[in-house]
Amino acid sequence: MAAHSAFAEDTTAVGDQRAEHRFEPAPAAVSGGDGVFEHVLLAVDPEMDERVAEVALSVAASHGARVDALSVVRMNASVDHWDVVVERREERAEKALDAVGDAAADHDLSVEKRLRYGTPAEEIAKYAEHHDVDLVVVGEPSRSGLRRFLSPKSVTDRVRRSTSAPVLTV
């Protein structure tokens, strides 16, 4: 896992392979003004590493930002037993959003949990643009082998290219 941001100092301990992230407040936040980020969007994937939420919540807490957690239920026209598949995806998405809500309570933050349907990258970008999001936090997928060959661009790459808000990849 690596955080790609000017706001993160990433150090990795060689012996135990754990990454430690420390967030320093931006100069505007230190100088007595409002935080640089007032509205953080966390793109929630049921398979995402819990550290993605921790990073997003830490950034939001350090800037006094409000947090929206958005999970998108992927819709495919070619899915057999459509209703059953969509219901399973909804359940997994709702559980992931609830986990983010629980983690937010540890940071004394409240989170607006949102569920949408469609193509994840498109829905994340639309949400960010329509809700004046200052920072989008997404997880970097672990894609290898055939999956990387069949889908060379990840949701993270597509979000990065389709939104004007800064994107923090964890």
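**Buried polar residues and nonpolar cores**

Q: With which residue does the side chain of Glu 123 form a polar contact of 3.4 Å?
A: In this predicted model, the contact runs from side chain to side chain, at 3.4 Å. The partner is also among the residues that Glu 123 touches beyond its neighbours within four places in sequence, a group that includes Leu 70, Val 72, Tyr 117 and Gly 118.

Q: Is Glu 123 buried or exposed?
A: Glu 123 is part of helix H4, which spans residues 120–130. A residue counts as buried under 20% relative accessible area. Because its relative accessibility is 12%, Glu 123 is classed as buried.

Q: Which residue has a side chain in polar contact with that of His 39?
A: His 39 belongs to strand E3, residues 39–44. With a relative accessible area of 4%, His 39 is buried. Beyond four places in sequence, His 39 touches residues including Ala 65, Arg 66, His 131 and Val 133. Its side chain makes a polar contact, at 2.8 Å, with the side chain of Asp 68.

Q: Which element gives the largest share of the largest nonpolar core?
A: This core has 26 residues, and those touching the most other members are Leu 42, Val 44, Val 100 and Val 137. Two or more residues each come from E3, helix H2 (50–63), strand E4 (66–74), helix H3 (82–106) and strand E6 (135–138). The largest share, 7 residues, is that of H2.

Q: How many residues make up the other core, which includes Leu 41 and Tyr 127?
A: Within the largest core, Val 100 is one of the residues that touch the most other members. Leaving aside neighbours within four places in sequence, the contacts of Val 100 include Leu 42, Val 44, Leu 57 and Val 111. Apart from this core lies another, with Leu 41, Leu 70, Tyr 127 and Ala 128 among its members, and its residue count is 14.

Q: What arc do the buried residues Thr 156, Asp 157 and Val 159 cover around the axis of H6?
A: Thr 156, Asp 157 and Val 159 are buried in helix H6, which runs over residues 155–162. They lie on the same side of H6 because the arc that they cover around the axis is only 165 degrees.

Note on methods
Residues are numbered from 1 along each chain as its sequence is written. This is a predicted model: local features need pLDDT of at least 70, side-chain atom pairs count only at pLDDT 80 or more; totals for chains, interfaces and linings use all residues. Side-chain values use heavy atoms; hydrogens and water are left out. Helices (H or I, at least four residues) and strands (E, at least two) are DSSP runs, numbered from the N terminus. Buried means under 20% relative accessible area, exposed over 50%, partly exposed in between (1.4 Å probe, protein chains only). A polar contact is a pair of N or O atoms within 3.5 Å; within protein, one must be able to donate a hydrogen and the other to accept it, and residues adjacent in sequence count only if both atoms are side-chain atoms. Contact means heavy atoms within 4.5 Å. A nonpolar core is a set of buried Ala, Val, Leu, Ile, Met, Phe, Trp, Tyr and Cys residues joined through side-chain atoms within 4.5 Å. The arc is that of the directions from the helix axis to the C-beta atoms.
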